[in-house]
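I opened this structure for the first time today. These are my notes on what I looked up.

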Amino acid sequence: MSTTDDYITILGFGSLLSEKSSRTTFPTLKHFRLGRVLDHRRTFAHPASIFFQRNIAKLETLEMSSLSVEYKEGFSMVCSVFEVPNEGLAAADAPGNNFVPSQKFLEREEEFEITKVRYEEIETSGNQEIKEGVICRRSTDEAYIARWGQERFQKNYLDYGIKTIWGWNEGIRPCPVYLRHCVLAAWSCDSHEKWSKDGVGGICYNSFLDETYLVDRVTTIREYIDQYPEVMTTKPPDNLKERYSG
């Protein structure tokens, strides 16, 4: 199950693909490993306000997209899986075994639907057991405004010239600093073993390149980086080097 009284299972699909990066957000995580999220597609399809706040978005070229996952039957991708102490992440009054994110968790991932999805453990041999973990999934502009209000939407998006969070079907491109960060995280997901294409690092890295899509839902990140190799030399500002270096 994704939650107990003490721990929550988190599924990471971008910057949380490396244990190092995950520990900047969840320093007390345990049992870091890989899984495969089922019936979901990973896409660079929405702008993140935090990229504008940190001055790493490029509005003029629409290089400002962050990552999300969206329900799509038949698609899957490799993710990180780990447990974190339930220290204010789940609402205390959630009915039964349902996961309801706390206000603290919602604030940190403000534009997403935080929900449980199905996944498989990568390292499990034999019959795969389907489990559930918590992930940040695509939402809607309407849900954002209903939760946070028009004033916050104005401040975090409209004031930066962004008229929609989730209404993009073309044009928007990955924020280069963030894309590089995610590629490095996928490459270095397992710092405890020597990297190999058939090992944990290779599995995670190749999934990110081949099972992550642009907003057109056709172009893979491998194809995009082949076209724009300069992405991998776009380093973060000095004050963000530790946070955005995989």
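I started with Cys79. Its sulfur is 8.8 Å from the closest cysteine sulfur, in Cys204, which is too far for a bond. I used the rule that a disulfide is a pair of cysteine sulfur atoms within 2.5 Å. Cys204 is in no disulfide either, as the nearest cysteine sulfur, that of Cys189, is 3.8 Å away. The count by this rule is zero disulfides.

I noted the ground rules next. The model is predicted, so local features need pLDDT of at least 70 and side-chain atom pairs pLDDT 80 or more, while totals for chains, interfaces and linings use all residues. Residues are numbered from 1 along each chain as its sequence is written, and side-chain values use heavy atoms, without hydrogens or water.

Buried or exposed? I checked Cys79 and found it buried, at 0% relative accessible area. Cys204 is buried too, at 1%. Buried means under 20% relative accessible area, exposed over 50%, and partly exposed in between (1.4 Å probe, protein chains only).

I then looked at helix α7, residues 200-210, where eight of eleven residues are buried. Among them are Cys204, Tyr205 and Phe208. Helices (H or I, at least four residues) and strands (E, at least two) are DSSP runs, numbered from the N terminus. The buried residues of α7 pack against β2, β3, α6, β7 and α8. Contact here means heavy atoms within 4.5 Å.

Which members of the largest nonpolar core touch the most others? Ile10, Leu179 and Phe208 do, out of 69 residues. Strand β3 (residues 63-85) gives the largest share, nine residues. Such a core is a set of buried Ala, Val, Leu, Ile, Met, Phe, Trp, Tyr and Cys residues joined through side-chain atoms within 4.5 Å.

I searched for salt bridges and got 15. Each is a side-chain nitrogen of Lys or Arg within 4 Å of a carboxyl oxygen of Asp or Glu. Glu211 pairs with Arg36, the closest N and O atoms being 3.1 Å apart. Glu211 lies in the loop between α7 and β7 and Arg36 in strand β2, so the pair ties together parts 175 residues apart in sequence. Arg36 is partly exposed, at 21%. I also noted a network of salt bridges linking Arg33, Glu83, Glu121 and Lys131.

My last stop was Thr9, in strand β1. Thr9 is buried, at 5%. Its C-alpha is 6.6 Å from that of Val84, 75 residues away in sequence.
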